[in-house]
Amino acid sequence: MILFYMVTDQENPNQYKHRKITVDEAIFPRIAENDKVAFEELYLLTHKSVYSFALSILRNHDDALDVLQETYLKIRGAAHLYRPMGKPIAWIFTITRNLAMSKLRTVGKSCYLNEELLEEDLTFSYVTDRDDKLVLQAALTILELEEREIILLHAVSGFKHREIADNLGLSLGTVLSKYHRALEKLRKHLKDRGYNHE
Amino acid sequence: MNRKRIENSLKDAVNCAPQLPVEELFTMPYIKMTEHDYITKQIETKKNSNIRQFTTAVACSLLLLVLTIGWYIQNRMPDSIITLDVNPSIEIITNHKDNVISVNALNEDAREIIGDNFSAKTLEDTVELLVSSLVEHNFISTGKNTVLLTVMNNNNKKADEIMTRMGTVINDSLTERNIMPVILSQIIDEEADRAELAKTYHVSEGKMELILDMISDHNELSIDTLVNLSMEELLKLARHYHMDLSKYLSLYNNAIIPAQEDAGDTQKDADKNILEDSKETDQNDSGLNEDNPSEATEDSEANDDLKEDNLDEEDKDYDLFEEKPDEDVREQMDKELDDNDKNSDDDDRDNDDRDNDNPDEDNANDGLIDDSDEDNQDIDKHQGEGDREEDSEAEPDDENAEEEKEIYDNGEGDEEDRVIYGDGEDAEEDTEDSLEDND
């Protein structure tokens with residue numbers, strides 16, 4: 001089992017090892033000048049984080065993908081207006097949040113009001129691993145908005161709690177408490193479902 | 001399921017999601033904005049809120065500082081400095097509410113008085129405790145009863161009020177212990193040079209003021225010779241040099257006399273002690289009594305006019321205080337004078353009579369026998385009606401003698417040779433004196 005796992009993960013041997021995401025504010029003026037390399041550099045560095053953040057708000061893969069696309073188009077359109085404030089990722093997340101909220105208002109709130117409907121949704125059919133799918137669906141179903149945002153950013157992007165607090169405009173104490181509460185909820189939910197993989 | 005497993009599952013699930021190719025994204029049209037809209041608007045970072053927190057912290061600190069300064073001004077800023085000098089010199093500093101801020105020992109003896117843990121809130125309590133301690137340590141006793149009270153305050157009215165109050169406290173505290181105090185008091189201003197001197201010699205500014213006053217007219221005296229003397233000794237020295245200490249006696253005259261009048265026999269004993277000391281000092285110092293028996297050295301009447309420059313030697317040996325001498329001493333004086341000069345005795349008797357008649361009068365001139373002294377005229381002003389001291393030696397005496405003789409001859413006098421003048425109440429007393437004199 002372990003050998004199989006290692007084979008499948010050959011392409012990403014450090015899959016679970018997070019790289020610290022650092023964005024240099026000087027990249028925005030280059031993007032404003034239509035520098036493709038700069039744009040690609042920014043995209044590759046941040047798109048997973050932006051997608052997971054959008055997914056935590058919208059709880060729908062397609063909507064999250066739309067917001068992801070609009071986010072980077074907005075960045076290209078406003079890169080020349082960016083004022084260095086020391087937190088470029090926070091600006092990107094702000095754009096993502098505003099677009100996601102706007103989309104929620106447009107299409108209505110998520111219809112996944114209960115677990116049964118979420119389980120029947122095939123949106124997450126691209127997730128090949130059943131356990132992974134179960135955990136993702138549980139996170140998107142039982143957690144509150146900020147809990148989803150925090151746990152997904154921490155899990156996917158590898159942001160530290162302090163970075164999450166800075167990027168989302170929350171206090172460190174709030175981030176820590178919501179994170180641990182979210183984990184407890186998920187543990188309990190998965191245990192109740194008979195999922196005890198350690 | 002542990003935390004790490006959960007997070008890994010989430011990460012794997014997200015990573016499985018199809019993503020947009022970046023090349024395709026780059027080719028998509030976009031709108032170049034002229035200004036931020038509500039989506040791209042940059043929010044103030046926590047750095048600005050940090051500035052707000054810093055500003056709030058600074059404002060709170062400033063407020064705390066202002067409150068602290070206000071409290072200090074109200075409670076800890078010195079307003080008055082009161083010093084007590086016996087031989088220990090003690091300094092009391094109070095705030096504008098007359099609450100004691102600190103009590104300081106200015107010399108070694110004073111440290112013994114104050115001790116290690118001296119705490120009293122009000123000025124009255126502090127002075128009372130200090131006086132008690134001075135008595136317990138035998139710095140004040142019946143024979144050593146002189147206290148110098150000094151007050152320093154920019155407000156003269158307040159200084160005067162404090163001086164009066166504290167003088168009363170000291171007097172009451174000591175009279176309860178059957179000690180009749182001699183309280184010298186003064187109000188002084190801040191003076192840097194005197195403060196410097198006082199600090200150098202480890203005395204209070206009040207005592208230094210007195211010492212400077214004493215040496216100002218007497219070159220033979222110096223600070224070094226006087227600084228270690230007790231108040232008792234300084235007072236005796238002042239008397240010896242016939243110094244004008246009237247400015248130090250105002251409190252005593254105003255506040256203490258009523259208490260002393262009530263002291264009765266105790267007061268008389270105290271007076272006797274003072275007078276005896278004075279007598280002893282005079283005898284030891286000058287021997288004037290031996291050389292000039294006509295001098296009224298034993299006159300116990302106080303002289304209100306302490307300016308003695310124009311008085312002869314024999315006139316200078318009188319008590320500084322205004323209390324009436326007790327009868328024993330007066331009799332003794334009369335006897336001595338009678339041996340030396342009959343006229344002088346008559347004058348004394350006359351003066352004594354008037355003292356009895358008018359106890360509140362200035363009786364400074366009893367015993368001032370020297371008829372040749374023109375200044376006796378000034379002293380005469382203080383005497384009662386009918387008692388006019390004249391310049392010439394013979395005339396008033398002759399007149400009085402003649403008057404008496406006339407009375408006797410006419411049989412107007414009673415069997416005890418009653419003296420007509422004066423109040424009837426005192427006639428008996430006068431008569432007794434007359435009888436003694438005539439013996």
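Tutor: Chain B has 19 helices and five strands. Keep in mind that this is a predicted model. Of the 439 residues in chain B, 46% are buried. Among the contacts in chain B with a separation of 6 or more, 56% are between residues 24 or more positions apart.

Now to the salt bridges. Over all chains, the structure holds 22 of them. Side chains of opposite charge can pair when their charged atoms come close. In chain B, look at B:Glu124 and B:Arg165, which form a salt bridge with their closest N and O atoms 2.8 Å apart. This pair links distant parts of the chain, as B:Glu124 is in helix α5 (residues 123-136) of chain B and B:Arg165 is in helix α6 (residues 156-175) of chain B, 41 residues apart. B:Glu124 has a relative accessibility of 26%, so it counts as partly exposed. B:Arg165 is also partly exposed, because its relative accessibility is 21%, and the cut-off for buried is under 20%.

This pair belongs to a network. Salt bridges link B:Glu124 and B:Arg165 with B:Asp79, B:Asp98, B:Lys158 and B:Glu161.

Begin with A:Lys188 and A:Asp192, whose closest N and O atoms are 3.6 Å apart in a salt bridge. Both residues are in helix α10 (residues 172-192) of chain A, and because they are four residues apart, about one helical turn separates them. An α-helix has 3.6 residues a turn, so residues three or four places apart point the same way. A:Lys188 is exposed, with a relative accessible area of 55%, and A:Asp192 is exposed as well, at 58%.

The other pair in chain A is A:Arg30 and A:Glu41, whose side chains meet in a salt bridge at 4.0 Å, N to O. Here the partners come from distant parts of the chain: A:Arg30 is in helix α2 (residues 27-32) of chain A and A:Glu41 is in helix α3 of chain A, eleven residues apart. A:Arg30 counts as partly exposed at 32% relative accessibility, and A:Glu41 counts as partly exposed at 41%.

Helix α3 of chain A covers residues 36-58 and has a kink of about 55°, centred on A:Thr46. The N-terminal end of α3(A) is capped by A:Asp35, with a side-chain oxygen 3.1 Å from the backbone nitrogen of A:Val37. Just after α3(A) comes A:Arg59, which takes a positive phi of about 60°.

For a contrast with these charged pairs, return to chain B and its surface. Chain B exposes about 22800 Å², and carbon and sulfur atoms supply 46% of that area. One nonpolar patch on the surface is formed by B:Phe54, B:Val58, B:Leu62, B:Leu65, B:Ile69, B:Trp71, B:Tyr72, B:Ile73 and B:Met77, with about 890 Å² of accessible area together. B:Tyr72, one of the patch residues, is in helix α3 (residues 46-75) of chain B. B:Tyr72 has a relative accessible area of 39%, which makes it partly exposed.

Conventions. Residues numbered from 1 in each chain as written. Chains lettered and ligands numbered in written order. Predicted model: local features only at pLDDT ≥ 70, side-chain atom pairs only at ≥ 80, totals over all residues. Heavy atoms only, no water. Bend = angle between axes of the 7 residues up to and from the residue. Helix = DSSP H or I, 4+ residues; strand = E, 2+ residues; numbered from the N terminus. Polar contact = N/O pair within 3.5 Å; in protein donor to acceptor, adjacent residues only side chain to side chain. Buried < 20%, exposed > 50% of the residue type's maximum accessible area, 1.4 Å probe, protein only. Patch = residues over 30% accessible without salt bridge, like charges linked within 9 Å, V, L, I, M, F, W, Y side chains within 5 Å. Areas by Shrake-Rupley, 256 points an atom, 1.4 Å probe, with all protein chains shown as cover. Contact = heavy atoms within 4.5 Å.
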